Amino acid sequence: MASPNIKAVRGTRDLLPPETDLWNRVESTARAVFSRYGFGEIRTPIFEDTSLFARGVGEETDIVSKEMYTWEDRARAASEKAQSLTLRPENTAGVVRAYIEHKLGDTGNLQKLFYIGPQFRRERPQRGRYRQFWQIGAEVIGPPTSGAESPIRDAEILEMLATLLDELGITGWTLQLNSVGSATDRPRYVAALKEALAPIKHQLCPDNQRRADTNPLRVLDSKDEADQDLINALPKIADFLDAESKSHFEQVLAALDACGVPYTVNPRLVRGLDYYTRTTFEFSHSVGLGSQNALLGGGRYDGLSEMLGGPRAPGIGFAIGEDRLILTLQAQAETAAQTTKLDAYLAPLGIASNPAALSLARDLRRQGLSVEVGDGSFRLKKSFDAADKLARHIVLLGEDELSTNIFTVKTFATAEQKKIPRADLPTHLRT
RNA sequence: GCGGCUAUAGUUCAGUGGCAGAACGCCGCUCUGUGGCAGCGGAUGUCGUGGGUUCGAAACCCACUAGCCGCCCCA
C-alpha cells in the first residue's frame, strides 16, 4: 500500500472556519474586558529553559515530572552553550520570569498582564484535553508596596472573570474558592493530613491509599462515594491558616459579597502547582466537558518570584482553558445561530453583469462590508440558494439595475424586498 | 502512564461471513428576473492502517493508529 498520509500528531488539531470565528470572538471579548480592567498584553516565548518550570511549577508535580516536551538544545558553535529547553506547559512561570528579567518591579507599579497562547503537555488526549491547548490568562504582580498582595486584587480578578464569562454567554458557571495558606501553613497542613490519614488509610479505596502516601492533598479531591465521610472528617486547611492569611481570605470574600459575585468556599479545593499560596479558585461548568469540567483555575503565588531568583513580588493570576471554553459555548448551542453571515451576496444575472458585480463588491468591501460575489452563469434560483447560506441580503444585478443604478435587495430574515439606489446600499446592507 | 468502548459516504448511523446501505446534506433536471416546497435523476466510499484466517472478510483473529469514556492529572 502507498505510504500513509501525514496527519496532525496525536493531541493536536486544526481549527477551521467557521469554528475559528468563535475562537476570535472569545479572544476579542477577553481583550476588551481585560483592557477595561487595565491589563496589557504580554507575549512570552513558547519554549523556555527547562529549569524555569522545574523551579516554578515544581519538580514533583506531574506536569514537570511526566508531561513536559523537553529536549537538549545542542551547542552548534563553541560560543554557544548546550541547554535543556521545554515547550511551556503553562504561562505563569514565563510571565514571572519576564517580570524579573525586565525589572518590571523597579517601576514600583502594579503590573497587570494578560496573555493568549498555546501551551503543551504530553497527556493522554481526551475531550477538552489536548497536547497543544490554548490558555487565556492574566497575572497581577508587583512589589509589596504596589498593593499586589491586597485582597482587593484577588476579588477584582474574580469579579473580572465572572464578567468575562457572562459577556461570553457562558451560563451556569460556578466559582469555588479556598485558601491554601502561606508558604509555611501549607507544609504544616500536609503533615497533619498525613498523620490523620495514617490510621484510616486501610478503609479508603486503593486510589486514595496511594494518594495518602504520594500526594495527600489529592485525597481531598477524590470523587469516591464511599470515602466521602472519612474525607470530610479530615483536618481542614482553614484551621491551619495563620492570622494574616485568614484575614486576607475574609477580605476577599467580603469584597466578592459586595460585588454580588456568587461563590462557594470549598475547603477541599486543592491545586496541583507548587507555587500557589493563599487564595486558590476554579470556575467550572457541567455542560459539554465530560470529566474535564474545570473551565479555568488560578490563585495567588506570593513566593514565586523569589523561587525564580527574583525580588519579592506577590501576585495572583488565572488561566482559562480556551479549548474547554469553546466546547462549553458549543454545547450551549450558542454557536449554530451565531455563525456569522456575510452582509451581502451579489447575484449577477448573466455573465454580462459580472464586471459590474465585482466592481460593486469592491466598493462595498472598501466600505467595510463583507460581501460574496456569485457569477452570472448561475440561474437566479441557484443564486438565492447560495446567497441564503452565506449572507443576510441578496443584491440582484440585472439589466434594469445596471442601467438605473437602483438595485433590488432582498433581506432573508424578513423576506422583504426593496429597490435601493447604489449610494444607499452600504447603509441598507449593514442592517 | 493505566483500564474500557469505538472507527463504514460530507454528517449521523445501519449492516455478525456471500452484490456497500439509509436518512440528512451535496450536485443536476423539471425551472434564464425571485430561493426554501415538490417530482425525477446522480455522485457519494482506500469500510481507520497493515497483516492473518477463509472459496469468499466491512464483519472473525493479531498488530498499529486515532477518537471517545473512566482513572491519573489539570485548563
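1. Helix α6. In this predicted model, helix α6 covers residues 185-200, 16 residues in total. From first C-alpha to last, α6 reaches 23 Å. That is close to the 22 Å expected at 1.5 Å a residue.

2. The buried side of α6. Which residues of α6 are buried? They are D185, R186, Y189, A192, L193, L197 and I200. These residues cover an arc of only 135° around the axis, so they sit on the same side of α6. The general rule is that an α-helix has 3.6 residues a turn, so residues three or four places apart point the same way. The face turned away from the buried side carries exposed residues: E195, A198 and P199.

3. Partners of α6. What do the buried residues of α6 pack against? Four helices are involved: α7 (206-214), α8 (216-219), α9 (228-232) and α10 (243-259).

4. Aromatic pairs, starting with W23 and W134. The count of aromatic pairs comes to 11. One of them joins W23 and W134. Their ring centres are 6.4 Å apart and their planes stand at 75°, so the pair is edge-to-face; the cut-off for that class is over 60 degrees. The pair links distant parts of the chain. W134 has 26%, so it counts as partly exposed.

5. F34 and F114. This aromatic pair is tilted. Its rings are 5.0 Å apart, centre to centre, with 45° between the planes. F34 lies in helix α1 and F114 in strand β5 (residues 111-120), so the pair ties together parts 80 residues apart in sequence. Both F34 and F114 are buried. Ring pairs also build a cluster here: F34, F39, F114 and F318 are its members.

6. A charge over a ring. R13 lies over the face of Y130. The distance to the ring centre is 4.0 Å.

7. Backbone at P17 and P18. The peptide bond joining P17 and P18 is cis, with omega at about 5°. P18 is in the segment before α1.

8. K103 is not a glycine, yet its phi is positive, about 50°. K103 is placed in the loop between α4 (92-101) and β5. With a relative accessible area of 54%, K103 is exposed. R278 is not a glycine either, and has a positive phi of about 50°. R278 is in strand β9 (residues 277-284). Is R278 buried or exposed? R278 is buried, with a relative accessible area of 8%.

9. M307. This residue is in helix α11 (residues 304-307). M307 counts as partly exposed because its relative accessibility is 36%. Which residues does M307 contact, leaving aside neighbours within four places in sequence? R55 and G56. M307 and A258 are 49 residues apart in sequence, and 34 Å separates their C-alpha atoms.

10. T411. Strand β15 (residues 406-411) holds T411. T411 is buried, with a relative accessible area of 16%; the cut-off for buried is under 20%. Leaving aside neighbours within four places in sequence, T411 is in contact with R392, H393, E416 and H428.

11. Domains. Chain A is divided into domain 1 (19-182 + 241-334) and domain 2 (341-430). How far apart are the domain centres, and what is the separation taken over? The centres of domain 1 and domain 2 are 47 Å apart, taken over C-alpha atoms.

Technical notes
Residues are numbered from 1 along each chain as its sequence is written. Chains are lettered from A and ligands numbered from 1 in the order in which they are written. This is a predicted model: local features need pLDDT of at least 70, side-chain atom pairs count only at pLDDT 80 or more; totals for chains, interfaces and linings use all residues. Side-chain values use heavy atoms; hydrogens and water are left out. Rings of Phe, Tyr and Trp (its six-membered ring) pair if their centres lie within 6.5 Å; planes under 30 degrees apart count as stacked, over 60 as edge-to-face and the rest as tilted. Helices (H or I, at least four residues) and strands (E, at least two) are DSSP runs, numbered from the N terminus. Buried means under 20% relative accessible area, exposed over 50%, partly exposed in between (1.4 Å probe, protein chains only). A charge sits over a ring if NZ of Lys or CZ of Arg is within 6 Å of the ring centre and within 35 degrees of the ring normal. The expected span of a helix is 1.5 Å times one less than its number of residues. The arc is that of the directions from the helix axis to the C-beta atoms. Contact means heavy atoms within 4.5 Å. Domain bounds come from an automatic or database domain assignment.
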